[in-house]
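Thank you all for making time this morning. I would like to walk you slowly through one model, chain by chain, and then look at how the chains meet.

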Amino acid sequence: MIYQGKQKIWADYQKEIPDNHWFYVRSCIRQNFFPASEKYFLKICRDMLGRDIYESEHHTTCAGIAYHCDTIPQETAMTVVARQFALMTEAGYDNLVTSCITSFGNYTEILETWREFPELEARIREDLWKACRREFNKPKYVAHASDLMYKLRGEIAERAQFQLVHRATGEPLRIVEHIGCHYSKMFPHKGVGGAEYPCVLSGMAEAWGGQVIDYPERRHCCGFGFRQYFVKANRGYSLSNTHKKFESMEPYHPDMIITNCPGCPYFLDRWQYVISEMNGKTYGQNGYGIPALTYEELAGLVLGVDPWDLGLQVHQVAVEPLLDKIGIPYDPARKYLGMDEKKIMTPGLPTSLKCC
Amino acid sequence: MDFGFKLSPSSAVNLDTVDHARYDRLVRLEPDALTCIGCGSCSATCTAAPWSGMSVRKVILGLQRGRDDEVDAMLSRCMLCGKCTMVCPRGINTRHLILTLCRLNRKGEVVR
Amino acid sequence: MVNRTPVIAIIGAGIAGLEAARQLSALGYKPILIEKAPVTGGHVAEWNRLFPDMSPAADLVQSLEAQTAKVRTMTSTEILSINRLKDGYSLVLSDGNILICQAVLFATGFHLFDASKKEEYGYGIYERVITNRDLEQWFNTRHDARIHNPKAMGFVHCVGSRDIKAGNTQCSKVCCITAIKQAIEIKEEFPDAEVYCFYMDLRLFGKKYEDFYIKAQRDHGIHFIRGRVSEVGEAIDGRVVVKAEDTLNGKPVKVTLDLLVLMAGIVCNPDAQHYAREIGVAVDDDGFLKSRDNVASITESSRPGVFFAGACTGAKTVPETLAEARSAALAIHQYLSKRG
């Protein structure tokens with residue numbers, strides 16, 4: 001691996017990310033999968049780093065899931081997106097930041113489509129007006145929340161309580177970065193670092209002390225693929241793609257995986273359980289799995305947030321071995337306590353995947 | 001545990017693990033097989049192909065890609081008429097090649 | 001009696017420029033060779049052996065240089081600007097001189113496609129990914145730590161050729177035979193190595209090219225896989241994992257290689273496009289300079305007094321380039337003779 005070669009490519013794919021004043025749109029599914037990720041994105045950006053991030057309770061799905069499942073035409077998705085732009089305009093913002101990778105891809109694709117076909121934009125403006133009497137300005141900048149976190153990685157590193165370093169050996173943690181397909185595979189110039197060697201997550205991992213590993217199936221999709229997962233008959237394809245990635249990364253003994261998509265961390269986490277039940281195979285050390293974290297969770301850990309406040313107990317793969325490696329303290333007794341410190345239910349244990 | 005779905009086997013050919021023994025033995029006995037360009041003249045002229053699936057092109061390629069089951073199924077359907085030999089632009093004696101191949105087992109040993 | 005004193009500027013002292021200078025000198029003219037690089041011989045001087053006879057490239061270049069030793073040759077000289085005059089052209093050179101000439105010959109050659117632009121192949125990122133030029137240099141110098149007793153190697157045809165995404169839709173013409181030539185040379189060096197050629201079409205049009213192909217198959221057992229490489233990754237031991245579809249088999253293939261050679265294609269020299277635009281010479285939609293007529297007048301441009309030789313109008317083999325250089329010399333002779 002010639003690191004300078006990657007740096008050369010990264011220099012070609014830098015995008016402008018404004019420093020402040022963002023209109024935030026959430027993901028449809030992340031609050032169920034990773035309940036504290038969006039909350040901590042806002043907490044870190046607003047409370048710790050003093051940025052202005054605005055959120056409206058009136059925003060809806062971007063319709064990306066329905067669009068990619070072929071259940072609605074693109075014009076419908078465009079009108080839904082136009083309404084989000086209207087909310088942003090009404091709130092007085094120009095910069096849109098999305099929590100979800102598919103939303104980011106959807107917004108980008110729509111803006112690019114309008115750039116190529118202005119008559120379509122005019123029609124959508126008319127449709128939006130007819131539907132809800134709203135008007136909008138297009139955002140000046142569209143970023144994914146990981147872009148913003150990438151931009152702030154230095155400030156986070158300055159406030160870091162923990163480094164992504166193996167406490168016992170002093171070696172950097174070996175980190176697999178996995179980028180959502182809709183981040184830069186559609187429009188390479190819209191993603192930091194391009195499509196083949198994105199640096200949005202590797203930049204964070206390196207800034208916080210880790211070492212990124214490049215394995216043969218690094219670019220491969222997690223397998224979510226909408227219609228692959230949502231249709232049970234196709235779900236084996238989804239699983240097989242994840243399996244292919246794990247088989248490929250296994251020889252590198254990664255300590256953790258970080259992701260920037262709603263789907264990828266979910267599948268990279270939960271499928272480890274399914275693979276272990278199907279063929280008894282586990283990919284972490286001593287029968288554990290490889291923890292798959294969102295970048296917000298990772299930033300939270302680095303900044304010293306309590307792992308259970310970050311919602312790491314809802315991961316299938318136990319995060320305790322990772323916390324021990326870094327030296328992050330946690331109270332095992334608090335793992336399954338709810339918001340009011342009352343015990344919520346404790347999950348059953350898998351057959352072969354070791355959990356704490 | 002039955003999840004109602006399974007890991008799908010990969011259809012990809014992994015050239016790192018394909019066993020070439022039978023192909024290697026074949027090309028030692030029939031060196032002309034190496035010069036196949038996959039043009040398909042043999043299959044196009046084959047009288048058995050339309051209903052049997054026989055294709056000399058696919059046999060030669062299948063051996064190199066470790067698809068012995070498909071190769072053996074095709075070989076069993078050949079009528080040995082030799083029409084394919086007449087049309088090969090590289091002059092491969094395809095009929096002789098098929099006879100030679102039928103004598104080799106999967107390890108490339110001459111068994112017949 | 002022909003006027004033998006006009007000034008003829010030849011831009012580029014690769015094999016096209018040298019051969020044209022040789023011919024023009026033989027016709028009694030005093031051409032001037034202008035070369036940006038410190039040495040003459042262009043791309044061919046960097047090559048090791050030439051198909052189809054495997055003759056040393058150095059022999060050809062040295063022979064041309066010896067025969068043009070008396071031609072005024074300005075190396076390390078750039079053309080800062082080029083302007084149209086009433087009956088000729090003026091060239092402002094980087095040494096401060098201004099050259100007034102009656103005829104200009106573009107022998108500006110080509111650029112090798114920058115293989116790092118095909119990011120998915122990882123040139124400049126994965127150690128074991130090299131280009132056709134790198135391999136040719138290894139044949140010359142035998143010095144490249146990446147080439148050490150390879151057990152498995154691959155050649156990727158059409159890197160930056162016939163590729164609308166890379167901005168080049170044209171066929172680079174010489175890469176198929178170059179890949180086969182290099183594959184044979186590698187097999188002669190490392191007989192036990194498995195060698196794979198990944199191709200879209202094999203275009204082996206020239207004299208004895210088909211013989212090379214048969215030799216590669218029959219004598220060296222080189223594997224030809226019809227399919228374009230989709231992506232290259234790095235395995236934990238530093239080897240490269242190459243993925244493609246075997247389109248004849250209809251299945252994806254994957255193979256781990258010690259070395260992967262990218263057959264970088266031929267694109268027009270951007271300097272040539274720049275000079276051409278300065279004096280109103282047409283550039284074709286493939287980026288190469290536009291001949292007056294692609295059948296009957298390949299060496300003539302759309303402007304009087306401006307001529308072409310070699311790869312400035314499109315990918316050419318060495319013998320084609322030399323033949324065109326001779327043809328261009330004659331075209332210049334006829335043009336100057338007519339002017340009297």
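This is a predicted model: local features need pLDDT of at least 70, side-chain atom pairs count only at pLDDT 80 or more; totals for chains, interfaces and linings use all residues.

Let me begin with chain B, which, read along its sequence, follows the pattern β-α-α-α-α-α-α-α, and whose secondary structure comes to 7 helices and 1 strand, where helices (H or I, at least four residues) and strands (E, at least two) are DSSP runs, numbered from the N terminus. Residues are numbered from 1 along each chain as its sequence is written, and chains are lettered from A, with ligands numbered from 1, in the order in which they are written.

Along its principal axes, the C-alpha trace of chain B spans about 55 × 30 × 25 Å. Of the 112 residues in chain B, 30% are buried, a residue being buried if 20 or more other C-beta atoms, placed from the backbone, lie within 10 Å of its own, exposed if 12 or fewer do, and partly exposed in between.

Turning to chain A, we find 16 helices and 8 strands. Its radius of gyration, taken over C-alpha atoms, is 20 Å, close to the 21 Å that the globule rule (2.2 Å times the number of residues to the power 0.38) gives for 356 residues, so chain A is as compact as a globular protein of that length. The C-alpha trace of chain A spans about 60 × 50 × 50 Å along its principal axes, and 47% of its 356 residues count as buried. If we take the contacts in chain A between residues at least 6 apart in sequence, 76% join residues at least 24 apart, where two residues are in contact if their C-beta atoms, placed from the backbone, lie within 7 Å.

Chain A also holds an open sheet of 4 strands in the order E2-E1-E3-E4, with parallel pairing, and two strands pair if DSSP finds at least two bridges between them. Which strands stand at the edges? They are strand E2 (53-55) and strand E4 (141-144) of chain A, each with a single partner strand, so one side of each is left without a neighbour in the sheet. Strand E3 (residues 95-98) of chain A runs parallel to E4(A) and is joined to it by 4 bridges, and there Val97(A) has Ala143(A) as its bridge partner.

Now to where chains B and C meet, a contact that takes 14 residues from chain C and 12 residues from chain B. On the side of chain C that touches chain B, the largest share, 6 residues, comes from E17(C). Strand E1 (residues 13-14) of chain B pairs with E17(C) in the parallel sense over 2 bridges, and Val13(B) stands opposite Val253(C).
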